Amino acid sequence: MLGVVTVVVSGEASANFFAGLASEMALAYVSCSIGINIMCSALVCARILWASRQVKKTLGPEATHSYINAASVVVECMLPLAVTGLAYVITNGIGHPTSILFFSFYEMSAVCDFSAFGVLSFELV
């Protein structure tokens, strides 16, 4: 919902995405997006590591390597998006002009995450 409001507010004739109400809405949207991304990634990693512990009890420590690798892939996919998003939120929150640069990095890492997820899901099937 915040994404739609951000698009509507920033799409007005006199609006500036990096100033005013549009900037505040984008800040709220990206903050929520980063928070949800980190929480979901942490929950997925916790579930994978929990399953790894269960497998370790049954099959021994040699069988857990694929679980650890899967958790590391989740962290590696989440990390660039979270770091660049946090950099954007901080710089935009203080009104620094480099927020435009970090927003560009944030969007590029979001596109790369989705394309990497597509490749990863294709390889796993």
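Predicted model: local features only at pLDDT ≥ 70, side-chain atom pairs only at ≥ 80, totals over all residues.
Of the 125 residues in this protein chain, 27% count as buried, where buried means under 20% relative accessible area, exposed means over 50%, and partly exposed lies in between, with a 1.4 Å probe and protein chains only. Residues are numbered from 1 along each chain as its sequence is written, and side-chain values use heavy atoms, with hydrogens and water left out.

The surface next. The chain exposes about 8,100 Å², and carbon and sulfur atoms supply 73% of that; accessible areas come from the Shrake-Rupley method with a 1.4 Å probe, and for residues only the protein chains shown count as cover.

Now the layout. The chain has 4 helices and 0 strands, taken as DSSP runs numbered from the N terminus, with helices being H or I of at least four residues and strands being E of at least two. Read along the sequence, the pattern is α-α-α-α. Of the contacts with a separation of 6 or more, 53% join residues 24 or more positions apart; contact here means heavy atoms within 4.5 Å.

Let me go helix by helix. Helix H1 covers residues 2-10, and Ser10 lies in it. Ser10 is partly exposed because its relative accessible area is 23%. Between Ser10 and Ala26 there are 16 residues of sequence separation, and their C-alpha atoms are 8.9 Å apart.

Helix H2 runs over residues 20-59. H2 has 40 residues and reaches 58 Å from first C-alpha to last, close to the 58 Å expected at 1.5 Å a residue; the expected span is 1.5 Å times one less than the number of residues. Its buried residues include Ala22, Asn37, Cys45 and Ile48. Ser52, also in H2, is buried because its relative accessibility is 7%. Leaving out residues up to four places away in sequence, Ser52 touches Thr64, Tyr67 and Ile68.

A polar atom of the Thr58 side chain lies 3.2 Å from the backbone oxygen of Gln54. Just after H2, Gly60 takes a positive phi of about 100°.

Helix H3 spans residues 65-93. H3 has 29 residues and reaches 41 Å from its first C-alpha to its last, close to the 42 Å expected. Where is the kink in H3? A kink of about 30° lies at Leu79, shortly before the proline Pro80; the bend at a residue is the angle between axes fitted to the seven residues ending there and the seven starting there.

Pro80 comes up again with Thr84: the backbone oxygen of Pro80 lies 2.7 Å from a polar atom of the Thr84 side chain. Thr84 is in H3 and is buried, because its relative accessible area is 16%. Beyond residues up to four places away in sequence, Thr84 touches Phe102, Phe105, Tyr106 and Ser109. Thr84 and Phe103 are 19 residues apart along the chain, with 7.5 Å between their C-alpha atoms.

Further along H3 is Asn92. Asn92 counts as buried because its relative accessibility is 9%. Its contacts, not counting residues up to four places away, are Ser23, Leu27 and Ser99. H3 is followed by Gly95, whose phi is positive, near 80°.

Last, the core. Which residues form the largest nonpolar core? There are 9 of them: Ala26, Val30, Ile34, Leu81, Tyr88, Val89, Phe103, Tyr106 and Ala110. The elements giving two or more residues to this core are H2, H3 and helix H4, which covers 99-124. A nonpolar core is a set of buried Ala, Val, Leu, Ile, Met, Phe, Trp, Tyr and Cys residues joined through side-chain atoms within 4.5 Å.

Take Val30 as one of these core residues. Leaving aside neighbours within four places in sequence, Val30 is in contact with Gly85, Tyr88, Val89 and Tyr106. Tyr106 is also touched by Thr84.

Methods
Polar contact = N/O pair within 3.5 Å; in protein donor to acceptor, adjacent residues only side chain to side chain.
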